[in-house]
Amino acid sequence: MKKEIRTLLAAAVFAVADAVTAQAGDIAPVTGHWTTLGADRSALVYYIDEPDGFHVVVTTQQGLTDQAAVARFETVLAAGQSAAVSIPRTAGEAPARIVLSNAGDHLHIAKPNDAVSAR
């Protein structure tokens, strides 16, 4: 049942927004941005521009598609604000990170390799 719900949610996101696969970039409101964060980790990012800022949603996937652990992160970013989302890796490895920034008229997503990771 959980797998079916996740599949339906993912399908709904793609139905609402055209997903773009890339490592970094600037995206417009309600445009999905798919980022690979390693061999079996990825994130789908989209946002809605509201009067109080960008309402950003990040859905991460860790593991194989049929067994993936899925997590959802939501935040509101005012102009000039940033937020980082990190996904743990194996022991001894720095987490995979993406940094989201409200650039005023679009959301900027920093490349996972360019994001500074803290240990």
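Me: What does the secondary structure come to?
Reply: In this predicted model, the secondary structure comes to one helix and nine strands, and from the N terminus on the elements run α-β-β-β-β-β-β-β-β-β.

Me: And how much of the protein counts as buried?
Reply: Of its 119 residues, 34% count as buried, while the accessible surface comes to about 7000 Å², with 55% of that belonging to carbon and sulfur atoms.

Me: Let's take strand 5, then. Why is it described as largely enclosed?
Reply: Strand 5, residues 53–62, is largely enclosed by the rest of the structure because seven of its ten residues are buried.

Me: Which way do strand 4 and strand 5 run, and how many bridges join them?
Reply: Strand 4, residues 41–50, runs antiparallel to strand 5 and is joined to it by ten bridges; these two strands form a hairpin with two residues between them, and one of the bridges puts Asp-49 with Phe-54 in strand 5.

Me: How many bridges pair strand 5 with strand 6?
Reply: Strand 5 pairs with strand 6, residues 69–77, over nine bridges, again in the antiparallel sense, and Val-57 stands opposite Glu-74 of strand 6.

Me: Changing topic: which residues touch the most other members in the largest nonpolar core?
Reply: That core has 17 residues, and those that touch the most other members are Val-45, Val-56, Val-58, Ile-98, Leu-100 and Leu-107.

Me: What is Val-58 in contact with?
Reply: Leaving aside neighbours within four places in sequence, Val-58 is in contact with Ala-43, Leu-44, Val-45, Ala-71, Arg-72, Phe-73, Val-85, Ile-98 and Leu-100.

Me: What stands opposite Ser-86?
Reply: Ser-86 stands opposite Arg-97 in strand 8; strand 8 covers residues 96–102 and runs antiparallel to strand 7, with six bridges joining the two.

Me: Last one: what share of the contacts join residues at least 24 apart?
Reply: Among contacts between residues at least 6 apart in sequence, 33% join residues at least 24 apart.

Conventions
Residues are numbered from 1 along each chain as its sequence is written. This is a predicted model: local features need pLDDT of at least 70, side-chain atom pairs count only at pLDDT 80 or more; totals for chains, interfaces and linings use all residues. Side-chain values use heavy atoms; hydrogens and water are left out. Two strands pair if DSSP finds at least two bridges between them. Helices (H or I, at least four residues) and strands (E, at least two) are DSSP runs, numbered from the N terminus. Buried means under 20% relative accessible area, exposed over 50%, partly exposed in between (1.4 Å probe, protein chains only). Contact means heavy atoms within 4.5 Å. Accessible areas come from the Shrake-Rupley method with a 1.4 Å probe; for residues, only the protein chains shown count as cover. A nonpolar core is a set of buried Ala, Val, Leu, Ile, Met, Phe, Trp, Tyr and Cys residues joined through side-chain atoms within 4.5 Å.
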